[in-house]
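Visitor: I'm new to this one and would like a walk through it. Could you take me from the basic terms to the details?

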Amino acid sequence: EEISALVESGKEAFAQKKISEAEALVKQAEDRLSQLDDELSRLESGYTARIVSMEGAVKIKRAGDFRWLDAKPGMDLKEGDKIHCVRGSAETLYSNGDKQVLWSGSLCEIYESQVDPETSAETLSVRVSGATTEMQTVKKRHEGSYTRVLTEQATLEAPGSEETAFL
């Protein structure tokens with residue numbers, strides 16, 4: 001409905017020879033369609049995070065599995081998966097744009113990753129234990145989106161804003 005309304009408004013503006021306004025409305029419709037396509041791809045793949053770089057010994061444990069596997073750059077992680085930096089470091093990129101760096105001794109579980117089907121608000125919660133972690137959050141696209149990092153000592157909640165925290 002939202003995209004149809006933008007297209008209809010664009011047609012009206014074009015008919016009234018308001019070319020700049022029509023182009024802006026078409027651009028808004030294209031941007032929203034692209035966002036919806038990105039969200040659909042994420043929901044279909046179940047992708048929550050990807051290991052983008054790592055050094056040393058890093059292991060992952062899939063949700064519902066009891067085995068620890070050797071991690072590799074490019075591996076996708078989903079809700080319930082765990083990543084353990086036995087020795088070295090690992091950088092993960094979350095589907096909402098947030099980045100996390102884990103150092104030796106860190107254990108991170110992707111605790112929750114959801115998208116509200118009505119508002120498109122994204123929620124991401126991770127639990128970290130052991131060594132220090134760095135979380136860089138980005139400005140969220142949808143109202144109500146947030147990232148939460150839970151540790152033994154503290155909880156960081158970044159409600160839709162840009163933050164960098166060492167926990």
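Guide: Let me begin with a term: a residue is called buried when its relative accessible area is under 20%, exposed when it is over 50%, and partly exposed in between, with a 1.4 Å probe and protein chains only. By that rule Glu-8, with a relative accessible area of 40%, is partly exposed.

Visitor: What kind of model is this, and how are residues numbered?

Guide: This is a predicted model, in which local features need pLDDT of at least 70 and side-chain atom pairs count only at pLDDT 80 or more, while totals for chains, interfaces and linings use all residues. Residues are numbered from 1 along each chain as its sequence is written, and side-chain values use heavy atoms, with hydrogens and water left out.

Visitor: How many helices and strands does the protein chain have?

Guide: There are two helices and 11 strands in the protein chain, where helices (H or I, at least four residues) and strands (E, at least two) are DSSP runs numbered from the N terminus. Read from the N terminus on, the order is α-α-β-β-β-β-β-β-β-β-β-β-β.

Visitor: And what share of the residues is buried?

Guide: Of the 167 residues in the protein chain, 35% count as buried. The chain exposes about 9,700 Å², and carbon and sulfur atoms supply 50% of that area, as computed by the Shrake-Rupley method with a 1.4 Å probe, only the protein chains shown counting as cover for residues.

Visitor: Which residues have the most contacts inside the largest nonpolar core?

Guide: That core has 19 residues, and those with the most contacts inside it are Ile-51, Ile-60, Ile-83, Tyr-94, Cys-108 and Val-126. The elements that give it two or more residues are strands S1 (49-61), S4 (82-94), S6 (107-115) and S7 (122-129). A nonpolar core here is a set of buried Ala, Val, Leu, Ile, Met, Phe, Trp, Tyr and Cys residues joined through side-chain atoms within 4.5 Å. As background, nonpolar side chains in soluble globular proteins tend to be buried together.

Visitor: What does Val-126 touch?

Guide: Leaving out residues up to four places away in sequence, Val-126 touches Tyr-94, Gln-100, Cys-108, Glu-109, Ile-110, Tyr-111, Met-135, Arg-148, Val-149 and Leu-150, a contact being heavy atoms within 4.5 Å. There is also a second, separate core of five residues, including Leu-6, Ala-13, Ala-22 and Leu-25.

Visitor: How do the strands pair up, say around S4?

Guide: Two strands pair if DSSP finds at least two bridges between them. S1 and S4 run antiparallel and are joined by 12 bridges, with Ala-49 having Tyr-94 in S4 as its bridge partner. S4 also pairs with S6 in the antiparallel sense over three bridges, and in that pairing His-84 stands opposite Leu-107 in S6.

Visitor: What about S4 and S5?

Guide: Five bridges join S4 to strand S5 (residues 99-103), and the two run antiparallel, with Leu-93 opposite Lys-99 in S5. They form a hairpin with four residues between them, and Gly-97 in the turn has a positive phi of about 100°.

Visitor: Back to S4 itself: is Thr-92 buried or exposed?

Guide: Thr-92, which has its place in strand S4, counts as buried because its relative accessibility is 2%. Among the residues it touches, not counting those up to four places away in sequence, are Arg-50, Ile-51, Leu-77 and Asp-98.

Visitor: Switching topic, how many salt bridges are there?

Guide: The count comes to six, a salt bridge being a side-chain nitrogen of Lys or Arg within 4 Å of a carboxyl oxygen of Asp or Glu. One of them joins Lys-11 to Glu-8, with the closest N and O atoms 3.5 Å apart; both lie in helix H1 (residues 2-15), three residues apart, about one turn of the helix. Lys-11 counts as exposed, at 52% relative accessibility.
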